[in-house]
Amino acid sequence: MMRLPRFRYLAPTEVAEAAAALADLGPEAMVLAGGTDLFPNMKRRQQTPGTVIGLRGIAALHARSIEPSGDPSGSARGLTLGALTRLSVIEHDRAIADAWPALAVAASLVATPPLRNMGTIGGNLCLDTRCSYYDQSHEWRASIGYCMKKEGEVCWVAPGSRRCWAVSSSDTAPVLCALGAEVTLASAAGERRIPASELFADDGIAHLTRRPDEILTAVHVPAPAAGERSAYVKLRRRGSFDFPVLGVAVRARLGTGGVIESARIFVGGTGSRPLEARAAAEQLTGRVLDDDTIRETAGLIAHIAKPMQNTDFTLSWRKSVAAAYAARALRALIPGGAASPVPEVS
Amino acid sequence: MAGPLVPLSAVRASPPRDKLRLAFTVNGEARDLVAESYKTLLEVLREDLGLTGTKHGCELGECGACAVLLDGELVLSCLVAAVECQGRSATTVEGLRDGPRLHPLQDAFADHGAAQCGYCTPGMLLAAKALLERTPEPSRDQIAEALSGQICRCTGYLQIFDAVAAAAQVMRGERAPAPKLPAIAGQRGSHGED
Amino acid sequence: MAKTEGGGERPFQVLGKPLRRVDAIGKVTGETRFADDLAMPGMLHMKLVRSTVPHARIRGVDVTKALACEGVRAVLTGELFPIPFGILPVSQDEHALCPDKVRFVGDPVAAVVATEELIAEEATRLVEVSYEPLATIGSPEEALRVAEPRIQDHGDGGNIHKMVALDFGDVPAALAGADLVVEDCFFYQGNTHLPLEQHATLAYMGTDGRLTIASSTQTPHYLHRAAAKVLGIPASRIRIIAPPQGGGFGGKTDPFNHEIVAAKAALLTGRPVKIALTREEVFYCHRGRHPVLMRMRTGVTRDGRIVGHSVESLLDGGAYGSYGVASTFYTGALETVTYQMARYQFRGCRTFTNKPPCGPKRGHGTPQPRFGLEVQIDKICERLGKDPAQWRIDNAVPADSLTANWLKIRTIGLVPCVEAVVEASGWKSRFRKLGRGRGLGIAASSYLCGAGLPIYWNEMPHTGVQLLLDRSGGVTAFCGASEVGQGSDNVLAVCVAEVLGIDILDVKVVTGDTSLGPVDLGSYSSRVTLMMGNAAVEAAQRARDRLAEAAAARLDIAVERVGFGGGRVFDVGDPDRGMAFADAVQLAEAAGGTVGTVGSYRPPRAPGRFKGAGVGPSPSYSYSAAVVEVEVDEATGAVRVVKVWIAHDIGRALNPVLVRGQMEGSVYMGLGEALMEEQAFRRLPPRLSRALVHQTPSMLEYKSLASRDMPEIESILIERPEPNGPFGAKEVGQGPLLPIPPAVANAVYDAVRVRVDEVPITPDKVLAALRATSRRFGPDTFPAVPWPEPLIVPPPWEGGDGNATNEPRRRDRSERRTDGRDGRDPRDPPPRSPRAEEIVKP
């Protein structure tokens, strides 16, 4: 049986307590939310914190408030999710599905039902980057001489590379970036609130801008503007379990006649962070979602997806089909347009 | 709020090799035990409580065999630290039956061939129980979705879907449907014997 | 209806009924104890130190630091295990712990035994192994090219393990005269069983003085032999218990190193020792589907008759022999049992590579050539303008005939299988008519109902059943068979209950224990229903005879008039006159002492006499046919299976619920192989590393279908009783897998007119084929193999007698015994030339 290594467990009841412990213990401590990412990693000895700070006893992190409508300029409006809000709660919340469909869809496509009952929004945002050379047991990694993300020197995905190419594999991260969400980070030194898109860095190892002494405590999603629509399309092998090998999150505001007034597009599963497709979003603006626009925009989205050979499927196929799947996300924006959010390819 | 780490009321500091004192409820009964502090709920159930009905096929959250209900929610016991179960309530396959009476899901699994080798069965049963508690009349698609976190390598799933639908019928007070059988060529029309 | 001894017909009482299986309650309550559910007081835990290099000599193993760990009780290394073992007598090439050389990443080098599993695991990382690296052989092509270093020192030279060359008639001449010759290369990727239960073993010295090994094994008898050999203990002092398993599919049919090491550790420490493998370690046990590259040539007449068929296969065997010699033969043996072939030529070559050993997975060696044959037939029909379903009907092998390679076909349900799926799927109005992106494909297949020969040569039965009838009316049935999940315990109970006219719950089955029942060779080759079932029927009929005699005396009627049913023994002429079954047992016990009987079974002798004729014969062959409907997205190459129609020639369904489960489970596994399952390996850039590792040794990344990936399945049974089967039953556990991969490939062609001549049919391959001018994806070449001189065996219709014409005339093995005793089974017919009616020249 795969077993956890020995660890010390702390159970703070206040964010401040947790932050103080994190400040005091330094990098040897890690925070635990749902356990669905940290514990497999600990069992494979990819992450070996001496102390685990369990957040589940902190009531504030479970709170959520939903005000989907109202004056979009009012900063209090919108959705605030405590970091420990479970993915299954987001998936099944009617109000979230109505106002931020891409978020509900993304949450519903994570892993499997029991894992969504355990996994949290904070944990999904902070998900460790993944790589087929890294998400392996200690013994397997010893067999390849380890890699630079843990205990080794080389990035086996690109042996000449000076950086790690592990992949951001969160479903909710590109969606929250596209929705213009913000996250609150708390430390012993205080709180700061940053755009979700700035939480991520383009490096497989240092993939979060969250400092080691910070705790992600909340996610804030602005209320949708009038005419705003969002969609998320996930490419994976099977109808459950699998991480995205491509995730396309789109938010757009449609004006009269279906003309797109503004858009933001993020791509997940192909880089070490969610990648913003700015050119594609600009291309959309001022146009209607006809076949030409969708084809051209999808091409631009696919252009920024730069997969490496370190996930499921072959690299060349993932490149070949990125535009086709991006087009599905765009088509899902069309009012009344039906598109399957989950193009399993089995 | 900066400052030295102060003693915390709820801290459960366990130096390596220290044991964990765990009091929680399992299948409706209070349990109080001492176990290795690194153990997961799966390990405590199987090794410290002798409840080996909960199975394991990967211990990494990738197969679903170890699913149990924790405070009524379907979770994977291999990824729940035992230390986080303090004061909570777990239901395992051993807690499904009502005294001598099997749960309707257990009857249906037995009658519809849903348990072949039986190894995924406990996890499947609990996933199905979680489904039927919130969706008494599930569609085929809802059943497939609810069981999509449990791998079965024997059945091809369809008899499991049948069993869950049948149990739902029984739990709604309807008659138990007979198991669906393969057609026999020759007994269904033009395929005669020779 | 079944004939009774009285000559009348009566309905079956339990047979064929959708009854709850006898072991159902344990499975749905979680009370069934699988191997890892067993625990004993004072039990120690064991973890293996596995090689982190693919190929190396072991320079030294330093266990000092590991032994010094608090809680560690023992560390075992290879010098404790000088005696090799292996499933086949011809390849005894495994050691419980590698003494001098490691051959793949995962090969076990040492074992740590400790009070906690975590302590053992941590201590394994303190065992220091120094290696002298050897060149890595990563593929069969490389194995053919690189003779040194040799991975094994046995086999057919260099890194070739086994080569087979058999000519059943002059195929080149036949092809030269054919109206159409089609040649293709195919590749079938390796895949693994992935039983949900990971292998586990608990070993202890029993209070009865027997070393007891309780283990997840499909073959307790073969483990028994291997453990006795390696440990140097008389087999009579070893007891193997095979608890019910959480699936096997062939992955638990070899004796495994961890089983023997745990036993040794229990002997050394004097305490029970448990090892429970991780999922990754199960991938290293493997013994799964061989990756096979094939070249096939088929010559047909204008009207589609096969005048000659040739198969060349190249198997990637991994680092050890395992069942490999048999697997090699199986890539050719069953090619002839579905469609008439005038001549047949087979070349098979298995190579060693530095990977976990391949072996038998559901369909053992036959799904690969079945894929090639069924796809090639589809292509031939396309060329000839023939309907591929009708072709299969027109060319089916006749019943009671011999094949070109001397296999004896008895009953054959191939035609009704094809007809059934054709009708159910609406084939005639839908094939080639569904429009772009949607398609139907058909394939058919056949499988053994048990191998005709045991793994090691002997003249004993392949299985035995012992019955004890006690005064309560309860019957205990003892058999060494191993319940993998397939329902073999239920087969045993049903066969006994049906003969004795009692409820299946009145039969207590005791199986999977070498100390508590007669030998059954194991749950492999789809042998248990037919073989154990026949033994059970024989034992039950003997018990019935004793009871009938006693009851006849009491009722004062002729013994022929005694009937059994409903838990009673009665006068068939006056059914109200009779007694409870228990009373009949008591009468019989009073009359003749304790009522115990035995039954056993040995398959009939096969007609082939040439070297290699031992692989392929079976008491019966089951047949299957499938139609698969797919949707293919031309933009991405994604294939979605919409529906599967599967028909299976079951002979007789002993329990239709369980039969459905085996059919759908086979379809499920076939779809996994067709679409996504891959035991793939990764080699790092050679200038940087020698590593050769399993690419995806996890449940998450080794992709298998989950619930939402399953299409609808319509299952149809063909029931035509097989005289050699118990109550006419044939196998169903493996056969229905076989037509699925080729039917998917053929459906993809119907949908988008591209050929993917390779399994799994992943979207990248479909897309590549869609973009290729050849409209095809698959291998183009077959490497040069130094084939040996072929054995020339004329087919029955070319004057042969089953012997090769160019080897010393082989006689029955039993006649070659050096002790001079004629060991021929008296039940067997004498060796003979085929009867005229068996020779149906295609």
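**Chain C and its contacts**

Reader: How many residues does the contact take from chain B and from chain C?

Author: The contact takes 50 residues from chain B and 57 from chain C, where two residues are in contact if their C-beta atoms, placed from the backbone, lie within 7 Å. This is a predicted model, in which local features need pLDDT of at least 70 and side-chain atom pairs count only at pLDDT 80 or more, while totals for chains, interfaces and linings use all residues. Residues are numbered from 1 along each chain as its sequence is written, and chains are lettered from A and ligands numbered from 1 in the order in which they are written.

Reader: Which strand of chain C do bridges join to β6(B)?

Author: Two bridges join β6(B) to β32(C), residues 712–718, and the strands run parallel. In β32(C), I716(C) is the bridge partner of A183(B).

Reader: Why is chain C called as compact as a globular protein of that length?

Author: Chain C, with its 19 helices and 36 strands, has a radius of gyration of 27 Å, close to the 28 Å that the globule rule gives for 842 residues, so the chain is as compact as a globular protein of that length. The radius is taken over C-alpha atoms, and the rule is 2.2 Å times the number of residues to the power 0.38.

Reader: Why is α14(C) described as largely enclosed?

Author: Of its 13 residues, 13 are buried, so α14(C) is largely enclosed by the rest of the structure; a residue is buried if 20 or more other C-beta atoms, placed from the backbone, lie within 10 Å of its own, exposed if 12 or fewer, and partly exposed in between. Across chain C, 67% of the 842 residues count as buried.

Reader: What span is expected for α14(C), and what does the helix reach?

Author: From its first C-alpha to its last, α14(C) (residues 488–500) reaches 19 Å, close to the 18 Å expected, the expected span being 1.5 Å times one less than the number of residues. The helix is followed by G501(C), whose phi is positive, near 70°.

Key
Helices (H or I, at least four residues) and strands (E, at least two) are DSSP runs, numbered from the N terminus. Two strands pair if DSSP finds at least two bridges between them.
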